[in-house]
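New notebook page, new structure.

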Amino acid sequence: MLFLQVLIYGVILGGVYAVMAYGLGLIYGVMRIVNLAHGAVLMLAAYGAFVLYARWHINPLLGAFAIVPVAYVLGRLLYRHLVLRVAAGPPMAAMLLLFGVGLCARNLAYLAWTGDDRTIALSYGLSTIDLGVPVPMTRVIVFAIALATTAGLFLVFRFTHFGRAVRAVARDPIAAELAGISVPAMSARAFGVGTALGAVGGVLLATLYVINPEFGGPFLLKSFCIIVLGGMDSMPGILAGALTLGVAETAAGVYGGAAWQDLVSFLLLVLILVARPGGLPSLVRS
Amino acid sequence: MLAVENLTKRFGGLTAVDGVSATFAAGSITAIIGPNGAGKTTLFAMIAGAVTPTSGRIVFGGRDLTGRSADQVCRAGIGRTFQVVRPFWNLTVRDHVRAARLFGSAGTEVPAYAPRAEVGPNFSLGTNEVLDMSGLAARADEPARNLTLADCRRLEIARALATGAKLILLDETMAGLTAEETREAIALVKRVRDTGRTVILIEHVLPAVTGLAERALVLDRGMVIADGPPRDVLASAAVKKAYLGEE
Amino acid sequence: MTRYALLAAVVALVFVPVVFGPQASYFTRLAVIGLLYVACATAWDLVGGLAGQVSFGHAAFFGVGAYVTAILVRAGVPLFVSIPPAALAAALYGLLWGWPCLRLRGPFFAIATIGVGEATRLAALLWEPVTGGATGLTLPIGRSAPLVAYYLALALAVTSIATAMLVRRSRLGLALACVREDVDAAESIGIRSGWVQVQALMISAAIVGAAGSIYARYLFYVEPGDVFAFNRSIALILMTIIGGVNSLWGPPLGAVLFLGLEQVLAAWFPSAHLGIYGLLLIIMMLFEPRGLTCLLSRTSRSASAA
C-alpha cells in the first residue's frame, strides 16, 4: 500500500517536475547554454500567480494565461539584449550572466514581497480523489495540466514547423542553417518559449509549495538533475528523468525523512553526471 | 613498427571501422585515403587512444596499446595532429613545443614541480631544433591565435614532433592550404621522415599522396579495399568506384 | 609590482596591528576577513582560472576546514595544530569528488559543483552527532584570538599567493594551461588531464580549508548556514571575475575590492546585496569577462599605442 502511494505521488510530482524542466532543456538543446536564471523564472512566475490570487482572487491556473505570454516576451527581451551579446564567447560567460540576472530577480523579489513565505490555498484544497490511495484534488488537477502541457509539447515538436526547426537546430546547427533555418531567430524564439514553459512550471509549483524569494534555488537544481538524467536535450528523456526524480524523491521522503528528500536530487545529479553523462537515454541505447 | 589487427569500431548501429588489419614498417610514409565517412579519422583516433576499439588489437613497437588512453599512447611514442586544427590558442608557439617536450615520451624523467626545464636525448629534439625544422622560429613567441592556418598546421606537427614521438599520425594536414603552402608542408613531412620517424597520413590532397607516400591504403565504409603503391592504387577500378560511384 | 614594493607591503601589514593597537577591532575584523578573501580567491583561481574549470562549490572546502578545526579544538587540540588536518581534510574531500567530476567539461563541471556544494551543506545539517546540525558547534574562547587570527590570515594570504606563483611557473602550471585550452590536444601530448586538474583542486581545497579553519577559531562558532553558504562560493567567483581571472594579482585585487564593496553595501544598501552582485556579474560578462586586470592592461596598451 505504501509502495502504491509512493508510486502515485511520485508520478504526479514527476509530471509537474517535467513541465518545470522542459524550458531549461529547450534552451540548452537549441543554444547549448545552461540557463542559470531558470530558477528566477520559476520564482517570478510563482509570485505572479500569488499576486493574481491574493489581489484579484484569480485562480492561478487561469492566471497562467496571463503570466505565460508575459514570460515569453521577457524571455525574448532578455535574449536579445543580454544573452545574445555573450553567446559568441565562452559558454561560462553566458551562464554567469544569466546567474547574475537570477541574483537581480531574487533581490527584486525580496524588495517587492519581503522574505516572508506566501501560499496559495486553492478552494479545492482539502478534498481528495481516491485512486487506490487518497490524493489531494489540487495535485490531481495540477498533474492533469502537466500532462496536457506535455502532450501539447509533443504535438508541437512533431507537427509544427517550429518544433521541427527546434529539433533540427538541436541536432546540428550548421546543417539547420544550410536547410534555411535561421539559427539566431530560432534561438530567440526558443529562449522565449523556454522562459514561457518555465513560467508554466512555476505557476504549477506555486499551487503546491510555499513561495519565497529562495523558491527558485532548489527547483533549479532539480531541473538540472532532470535534464542531465534526460540526456540534456531530449524531451521524452526529460519526462523520463522527471518521473524518475519524482518517484525517487517521494520514496526518499517516505522511507528516509524530509531531509533525505532534498539530498536525493543532488546525489542523483552528481551520480549521473559522473557515471553516465549521457543520462537515461545512453543507458537505454547501450 | 605499428600493427593493427582486425580493428573494429561500432557506434550504436553504425560500424565506422570494420576489421581493418595492416602493418606499418618503421621509417615508412603511408597514406590512408578514401571517401568521406570511410572511417579514416576513426582509425586514427583508435590508434592515438582517443577512442576505444570495439574489438581488435593495436601493437606498437612490440607493445599492446589497445584501449590505452591518449596520454599513455603519447608517452609510448605516438604523436598526432587533428583534422580541424586544435592548438592551444592562448599559448605561444614556444610553449607548445616546451609542453610537448615535457609531457611527451621524451619527458618522463622530469619531476612534476620542476620549473620548465630543457630535456635530453633519444628521439627527442631540442626546442630550437623543432622550431627551426618546422619553420616557426620567427614566430616562436606569438600566441597561436595570431597564426595563419598553414602555420597552425606546422605548429601541430611541431608539437607532435616535440613529444619525441617515433610514429606521427597526420590528419589532413594539407587541407585548406594554397599550392605554395602545400609544397612547403610536403617538404616538412619529408624532413620529419628523414629523422627516422614513421609517418601515417590521412589525405585528400592527391599531390601530397603521390609526392610523399610510398604506400597507400584505401578505406571505404570502414574496410580496406586497396593497398599498394599510390599510383597503382589510384588507378584501380575498385578505388575509382568508391570515390565516384557507379558509372 | 617590484619585489621591494611587495616586501614593503607585507612588512607593513605585519606591523599595522601593533601600530593601531588591539582596540581597533573593526579594522582587525575587516583585515582578517580581507586576508582570508585574498587567500581563498587566489586559491579558487587555480581551478577556475588556470585550469579553466569554474567551481560554484568551493564553500564546501571552507566548511570542511572550519568543522575539522572546530571538532579538534573542542577536543583540546591547539589551533595551530588543527590547521594542517583541516587543510588535509579539505584536500582529500577535493580528491574524492574532484576525481570523477573534473572529467566533466565547462558548464557540466559547474553544475556538478553546485550539487556538491549544496549536498555538503545538507549533509552537515543532517549529520547532527558530529556537526551539531543546524545549531552548529561553538569553540572555547581565547583572549588573544583576533590578533592571532590576523597573523594567521596574513600568513595564509602570503602562502596562497606564493603557491599560486610557484604553480604557475611550474610544469604543473603549463600542463593546466594546456588542459584549459584544449583537453584532447593536451592528452595527445601526454598530459594526464584528470590527474593534473585534481592536483590543482587539491591545492586549492587545502588553502580554502585552512582559511575555514582560521575563520572558525576567529568566530568561535561554526554552523552550516554560514560556512557552507552558497553565497560564499558565489563571492569567490565574483572576487576573481572582478579582479581578473587566470592571473596572479587579479584575485587579490578583486578580493580587496569585494571586501570594500561588501562594507559599502552593508552600510548604505543593505537590502540590495544580491542585486548589486547580479548587476556586477552582468556588466562584467558584457564588457570584460576576464576581469579588471585584463581591462587595465587593455586600456594601457591602447593608451601607449595612441
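Before anything else, my terms: axes are lines fitted to C-alpha atoms, for helices over the stretch in contact, and angles run from 0 to 180 degrees between N-to-C directions. Helices (H or I, at least four residues) are DSSP runs, numbered from the N terminus.

This is a predicted model, where local features need pLDDT of at least 70 and side-chain atom pairs count only at pLDDT 80 or more, while totals for chains, interfaces and linings use all residues. Residues are numbered from 1 along each chain as its sequence is written, and chains are lettered from A in the order in which they are written.

**Entry 1, a helix pair.** I looked up helix H2 (residues 25–50) and helix H13 (residues 250–268), both of chain C: they pack at about 140°, axes 8 Å apart. H2(C) and H13(C) are therefore oblique to each other (angles under 35 degrees count as roughly parallel, over 145 as roughly antiparallel, 65 to 115 as roughly perpendicular, the rest as oblique).

**Entry 2, chain C against chain A.** I found 29 residues from chain C and 33 residues from chain A in the contact (C-beta atoms, placed from the backbone, within 7 Å). On the chain C side, H5(C) gives the most, with 13 residues.

How many of the 26 residues of H8(A) are buried? I got 21, so H8(A) is mostly covered, buried meaning 20 or more other C-beta atoms within 10 Å of a residue's own. Helix H8 (residues 183–208) of chain A should span 38 Å at 1.5 Å a residue, and its end C-alpha atoms are 37 Å apart, which agrees (the expected span is 1.5 Å times one less than the number of residues).

Notes. Helix = DSSP H or I, 4+ residues; strand = E, 2+ residues; numbered from the N terminus. Buried ≥ 20, exposed ≤ 12 C-beta atoms within 10 Å, placed from the backbone.
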